[in-house]
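Please read the numbered points with the model in view.

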Amino acid sequence: MLIGSLALGLAACAAPTANGGGPRPAVDSTPLLSTSYGPVRGQREDGVAIFKGVRYAASTEGYRFQPARAPQPWSAPVDALDYGNDCPQADGGDVPLFTSWANDRPRSEDCLFLNVWTRGLGDGGKRPIMVWLHGGGYLAGSGSSHGYDGVRLANRGDVVVVTINHRLNGFGHLYVAGLSGDAKYADSGNVGMLDIVRALEWVRDNAAAIGGDAGNVTIFGESGGAAKVSTLMGLTPAKGLFHRAIAQSGSMSLAGFEPPLATGIAKDILAASGQPTVEALAAMPMEDFIAAMRKSRTRGGLFQPVVDGRSLPRHAFTPDASPLSRNIPLLVGTNRTEMRLQAGLADPHNFDLSWEELPARLKPFLGGVDAAPIIAGMRQAFPASDASDIFFHVATHRNYRKTAITQAERKSQAGGAPVWMYRLDWATPVDGGKWQSPHALDIAFVFDNVAKSLSMTGSGPEQQKLADLMSDAWIAFARTGNPQTRALPQWPTYDPARRATMIFDVTPRIVDDPDGAERELLATLPEGRGR
């Protein structure tokens with residue numbers, strides 16, 4: 001392992017960049033990080049050294065469906081001044097609430113880059129390292145969002161922040177092992193997760209260089225990022241690479257795909273591609289492969305890690321919590337009205353439902369359960385709610401809250417390490433307050449990035465109060481394995497008897513079983529798969 005150093009007054013150098021961009025001249029006081037593969041040149045902001053687009057693995061071009069390889073080492077410093085390429089993905093629709101975070105980058109199969117924010121370089125510091133896994137399910141997203149900027153979090157808690165890009169959708173999870181006997185495709189259903197493992201290995205090997213503690217790494221993520229956190233807790237090669245875990249609004253990966261289902265998806269995409277073999281599918285131009293995914297019956301929207309008996313030997317949290325992560329403390333939670341984002345964007349009329357319309361709107365979320373007793377029970381539990389409120393409550397519980405509670409229960413019952421539960425109830429004033437506490441609202445507060453999140457949070461003193469509360473709790477958890485801070489009421493661990501839950505609002509409070517009415521009424525609903 002090479003030890004990082006701070007270099008002052010570097011001469012200009014025309015070396016190739018770490019992320020594929022053009023060369024930039026070095027400047028005085030430019031931080032230089034010596035990584036295990038070669039030196040990279042960064043920048044500073046508010047006392048934080050920043051390295052963007054640092055290569056942690058070789059390009060996967062020409063190696064589709066195969067585990068990533070180590071990059072070729074380099075000796076001359078390369079620029080790490082801008083984010084690297086995103087993984088190829090289908091274009092998503094614009095989300096007005098996410099406008100402040102948008103940061104489109106080129107897309108390429110050469111996408112295995114990470115970003116680092118740290119106050120120390122090779123200074124002997126033992127800072128907690130917080131590795132963020134982005135949302136977007138297993139389909140979309142990147143670690144380059146402005147909402148994930150790590151300057152304020154690194155400064156606030158003197159922690160090291162790392163965000164990463166990795167393979168997604170069919171590039172990261174198309175299980176072709178059932179269609180080809182070639183051993184190089186044996187891990188194809190999980191190469192996206194194995195990319196994350198490679199990034200965590202980079203963090204371990206370079207922890208001293210970035211001023212962090214290789215023995216104190218926290219993985220945290222929201223939505224699909226939380227699903228990845230959950231999967232890593234059952235992923236064999238990830239064992240020992242992290243020591244705490246935070247799952248925000250995305251406990252849906254309690255189980256992965258079984259090989260027969262994953263093989264069926266691969267067969268469908270192979271047929272849609274018009275190619276005769278897996279080798280031909282692997283060799284297709286990137287855009288043609290994306291087109292084949294879109295043309296398939298799943299429209300390229302059905303990917304999960306695969307229980308392949310190799311890296312993922314069993315479901316991470318089904319039927320119980322994997323013993324692989326028995327000693328990993330877990331912080332898990334959701335926002336109170338997550339589905340106001342997705343269902344509200346899908347059809348704005350969901351904000352104005354009548355009671356007559358409600359049964360039909362709820363049907364997709366009920367899994368065949370009769371809507372009438374559900375609606376009657378919800379109206380009794382929430383007498384001040386209108387039809388739209390009930391719709392969003394049920395949809396949120398089915399897609400997010402139910403699996404978060406299940407994950408916390410199973411983790412608690414497994415013993416070995418504690419679990420804490422939270423719920424974010426603060427309502428954003430954006431658009432007249434119609435979104436209330438939508439999916440992804442927590443990101444702005446966890447990263448203490450209210451100023452970079454105005455389209456989601458709006459501005460005002462309450463927003464910074466929430467950021468103070470949540471970011472300090474996340475930092476405390478990363479540092480000690482316990483989210484307790486002086487600003488919060490006493491926060492008990494979660495167990496199925498008491499169900500103590502921290503309610504994050506302007507005035508935080510502990511509530512026992514705050515979802516009790518919904519939890520009992522909706523216990524028979526199938527688990528949802530949010531994003």
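1. Helices (H or I, at least four residues) and strands (E, at least two) are DSSP runs, numbered from the N terminus. This is a predicted model, in which local features need pLDDT of at least 70 and side-chain atom pairs count only at pLDDT 80 or more, while totals for chains, interfaces and linings use all residues. Residues are numbered from 1 along each chain as its sequence is written, and side-chain values use heavy atoms, with hydrogens and water left out.

2. Leu-174 deserves a separate look. Beyond its neighbours within four places in sequence, Leu-174 is in contact (heavy atoms within 4.5 Å) with residues including Phe-65, Ile-265, Leu-281, Phe-289 and Phe-303.

3. The backbone has a cis peptide bond from Thr-318 to Pro-319, with omega near 5°. Pro-319 is found in the loop between α7 (286–295) and β11 (330–335).

4. Two positive phi values should be noted. Ser-223, which is not a glycine, has a phi of about 60° and sits in the loop between β9 (212–222) and α4 (224–232). Ser-223 is buried, with a relative accessible area of 1%. Arg-499, also a residue other than glycine, has a positive phi near 60°, and its place is the loop between α14 (461–480) and β13 (500–504). Arg-499 counts as buried at 8% relative accessibility.

5. Which residues line the largest cavity? Among them are Asn-335, His-393, Arg-423, Asp-515 and Glu-518. A cavity is a set of points, on a 1 Å grid over the protein atoms alone, where a 1.4 Å probe fits but cannot get out, and lining residues have an atom within 4 Å of a point. The largest cavity holds about 70 Å³ of space, a volume being the space filled by probe spheres set on the points, which are joined across faces, edges and corners. α11 gives the most to its lining, with four residues.

How values were computed:
Buried < 20%, exposed > 50% of the residue type's maximum accessible area, 1.4 Å probe, protein only. 1 Å grid on protein atoms, 1.4 Å probe; cavity = no way out; pocket = protein on both sides within 12 Å on 5 of 7 lines; lining within 4 Å.
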